[in-house]
Amino acid sequence: MKDLHDMNGKHIANFVNGQLHNVRGKNIGHYLEREQIFIDMHGRYLGEIVNGNRLLYYKASPYMNTNFGVYGNYSNIGNYGNYGNIGHTSFAGYVNVEIND
């Protein structure tokens, strides 16, 4: 399990067994190993891990207009807790991922 944060340092998601889950445990995406990106539940580019623990959207990603297909819902993993704020940072070309609960 890897806790993922936005640029503001807020805990926004958990990466567990190739699946992306929101902080409440709902499956919100899937990891594509070859491309090293996350896709949402509709097969669209969602974001990628930056600096080891930030889930961010790359504004110039070559995958922005690609549909990878629907991978299914892997259910709810439950709440792993609140990891707190890890501090603000910024990365050129990246913005925070929009995660809908």
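Visitor: Leaving aside neighbours within four places in sequence, what is Val97 in contact with?
Guide: Val97 is in contact with Leu46, Gly47, Leu55, Leu56 and Tyr57. Contact means heavy atoms within 4.5 Å. This is a predicted model, where local features need pLDDT of at least 70, side-chain atom pairs count only at pLDDT 80 or more, and totals for chains, interfaces and linings use all residues. Residues are numbered from 1 along each chain as its sequence is written, and side-chain values use heavy atoms, leaving out hydrogens and water.

Visitor: Which residues make up the largest nonpolar core?
Guide: Eleven residues: Leu4, Ile12, Ala13, Phe15, Leu20, Ile28, Tyr31, Phe38, Leu46, Leu55 and Val97. Such a core is a set of buried Ala, Val, Leu, Ile, Met, Phe, Trp, Tyr and Cys residues joined through side-chain atoms within 4.5 Å. Buried means under 20% relative accessible area, exposed over 50%, partly exposed in between (1.4 Å probe, protein chains only).

Visitor: Which elements give two or more residues to this core?
Guide: Strand S2 (11-16) and strand S4 (27-32). The largest share, three residues, comes from S2. Strands are DSSP runs (E, at least two residues), numbered from the N terminus.

Visitor: Switching to pairing. In what sense do S6 and S7 pair?
Guide: Strands S6 (residues 45-50) and S7 (residues 54-58) pair in the antiparallel sense, over three bridges. Two strands pair if DSSP finds at least two bridges between them. Val50 has Arg54 in S7 as its bridge partner.

Visitor: And the turn in that hairpin?
Guide: Three residues lie between S6 and S7, and Asn51 in the turn has a positive phi of about 60°.

Visitor: How many bridges join S7 to S8?
Guide: Three, with S7 and S8 (residues 94-96) running antiparallel. Leu56 has Asn96 in S8 as its bridge partner.

Technical notes. Helix = DSSP H or I, 4+ residues; strand = E, 2+ residues; numbered from the N terminus.
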